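Subject: Structure for you to look at

Hello,

Here is the structure I said I would pass on. Please open it first, then read the notes below beside it.

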Amino acid sequence: MAKVWQRKWMTATGEQRSAWVADYFSSRGGRHIKTFAVKKDATRYLEQVMPDVRRGIHTAPSKSVTVAEAAESWLKRVEAEGRERGTLAQYRQHVNIHIAPRIGRTKLAHLTPAAVEAFRDDLLANLSRPMARKVMTSLKSLLKAAKHAHVAADVSVGRNKRGERKLEVGRDIPSPAEIKRLIDAAKTNSRMSALLLTAALCGLRASELRGLRWRDIDLKHGELHVRQRADRYNTIGVPKSASSTRTIPLPPEVVAALKVWRLACPKGELDLAFPTRTGAIMYHRSMLDSLMPVMVAAGVVNKGGKPKYALHAFRHFFASWCINRRADGGRELPAKVVQGLLGHGSIVMTLDRYGHLFPRGDDRAELAAASGALLA
């Protein structure tokens with residue numbers, strides 16, 4: 001039930017006063033009233049809130065928490081759910097640096113789509129587009145947890161496809177020739193040889209390489225199972241997502257290199273395939289640093305003579321090798337198979353990242369044959 005009614009009273013000096021009251025009930029907070037000087041404002045207020053009341057998503061201003069308070073509740077929930085330490089730290093950074101300073105004092109009941117749009121525009125004016133998108137995602141997540149997702153439902157930071165730089169062989173992706181030189185340069189070092197071959201021909205993420213156990217490598221049947229990863233703090237946990245848990249076939253060269261390396265690999269309780277000298281988890285930076293001398297020895301360097309690629313570049317190479325035509329030394333696998341081997345959550349992610357590398361299938365010979373058959 002909702003209505004607008006006039007309230008009248010006498011002041012202590014005998015003066016008669018009046019006001020208009022918007023009076024309504026909600027399933028989440030009982031009866032609510034809000035007072036206005038004129039009737040049309042009270043009527044307009046009811047017209048604005050009643051759709052949300054009927055949908056069960058309205059919170060009266062008097063009972064509403066602020067965005068900052070909602071953010072703290074969300075962060076506690078994320079922590080209780082056991083999310084990774086690095087993920088939680090990123091979310092807290094979004095809240096403390098970007099969300100709370102801008103709209104933290106605003107009550108959820110007063111947060112409107114227009115206010116969220118203004119927040120989005122402010123982010124885009126002061127941050128890179130990718131960072132603004134991440135902060136907006138965090139805001140939407142905390143609003144969803146607070147049952148207030150509707151105010152941001154139509155507000156987003158789209159990808160600037162025109163400005164995005166596509167991955168390029170020789171700049172972002174090692175070329176086949178560079179991979180061959182790296183493997184040749186590492187032949188005398190069983191650890192480097194096994195690491196490079198596993199990274200380039202299995203496509204594991206750096207965190208998956210660092211958390212890889214010998215028990216997850218089936219040398220007899222030539223398979224590698226991704227079942228855990230090591231985060232930036234060297235904490236072992238489950239893979240990045242459900243799709244990241246996967247089985248990857250091992251080429252014979254990788255099997256051979258791993259068999260040799262296993263004999264010399266430091267032993268530890270964690271049973272890691274690529275540990276430190278004491279058998280502990282290797283930090284990301286340390287693993288990359290160990291590859292740098294090999295890159296220099298192989299001549300895989302930039303114009304300044306520095307090692308050319310980061311660890312993730314070998315995952316890019318694996319994707320390109322899976323995609324390339326057999327005539328060019330690739331595997332020419334379908335996009336869906338490539339998605340599974342990479343552990344991507346969706347085919348869209350695979351195609352957005354590597355779609356431009358897939359064979360076009362519209363070469364001149366095919367075009368001439370098709371037009372000739374059509375017009376014959």
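**The sheet and its surroundings**

H225 stands opposite T247 in β8. Bear in mind throughout that this is a predicted model. The facing pair belongs to a stretch where strand β5, residues 223-226, and β8 run antiparallel to each other, joined over 4 bridges.

S244 is located in the loop between β7 (236-237) and β8. Is S244 buried or exposed? The relative accessible area of S244 is 0%, and buried means under 20%, so S244 is buried. The side chain of S244 has a polar contact with the side chain of R205, at 3.2 Å. Apart from neighbours within four places in sequence, S244 is in contact with R205, E208, V226, P239 and G343.

**Helix α11**

Helix α11 covers residues 312-323, which is 12 residues. From its first C-alpha to its last, α11 reaches 17 Å, close to the 16 Å expected at 1.5 Å a residue. Of the 12 residues of α11, 11 are buried, so the helix is largely enclosed by the rest of the structure. Among them are F314, F317, F318 and W321, as well as R315 and H316.

What do the buried residues of α11 pack against? They pack against β8 of the sheet, and also against the helices α6 (176-185), α7 (190-202), α10 (284-298), α12 (335-342) and α13 (347-354).

**A glutamate in α6**

E178 lies in helix α6. E178 has a relative accessibility of 8% and therefore counts as buried. A polar atom of the E178 side chain is 2.9 Å from the backbone nitrogen of S175. Leaving out residues up to four places away in sequence, E178 touches G170, I173, V300, K308 and Y309.

**Two crossing helices**

Two packed helices are described by the angle between their axes and the distance between the axes. The axes of helix α3 (residues 85-103) and helix α5 (residues 129-145) come within 10 Å and cross at roughly 85°. Angles of 65 to 115 degrees count as roughly perpendicular, so α3 is roughly perpendicular to α5. On the α3 side the contact is made by Q90, Y91, H94, H98, I99 and I103. On the α5 side it is made by M131, K134, V135, S138, L139 and L142.

**Two residues with positive phi**

Most residues other than glycine have a negative phi. N234 is not a glycine, yet its phi is positive, near 65°. N234 is found in the loop between β6 (229-230) and β7, and with a relative accessible area of 16% it is buried.

E332 is not a glycine either, and its phi is positive at about 55°. This residue lies in the loop between α11 and α12. E332 counts as partly exposed, at 36% relative accessibility.

Regards

Methods: Residues are numbered from 1 along each chain as its sequence is written. This is a predicted model: local features need pLDDT of at least 70, side-chain atom pairs count only at pLDDT 80 or more; totals for chains, interfaces and linings use all residues. Side-chain values use heavy atoms; hydrogens and water are left out. Two strands pair if DSSP finds at least two bridges between them. Buried means under 20% relative accessible area, exposed over 50%, partly exposed in between (1.4 Å probe, protein chains only). A polar contact is a pair of N or O atoms within 3.5 Å; within protein, one must be able to donate a hydrogen and the other to accept it, and residues adjacent in sequence count only if both atoms are side-chain atoms. Contact means heavy atoms within 4.5 Å. The expected span of a helix is 1.5 Å times one less than its number of residues. Axes are lines fitted to C-alpha atoms, for helices over the stretch in contact, and angles run from 0 to 180 degrees between N-to-C directions. Angles under 35 degrees count as roughly parallel, over 145 as roughly antiparallel, 65 to 115 as roughly perpendicular and the rest as oblique.
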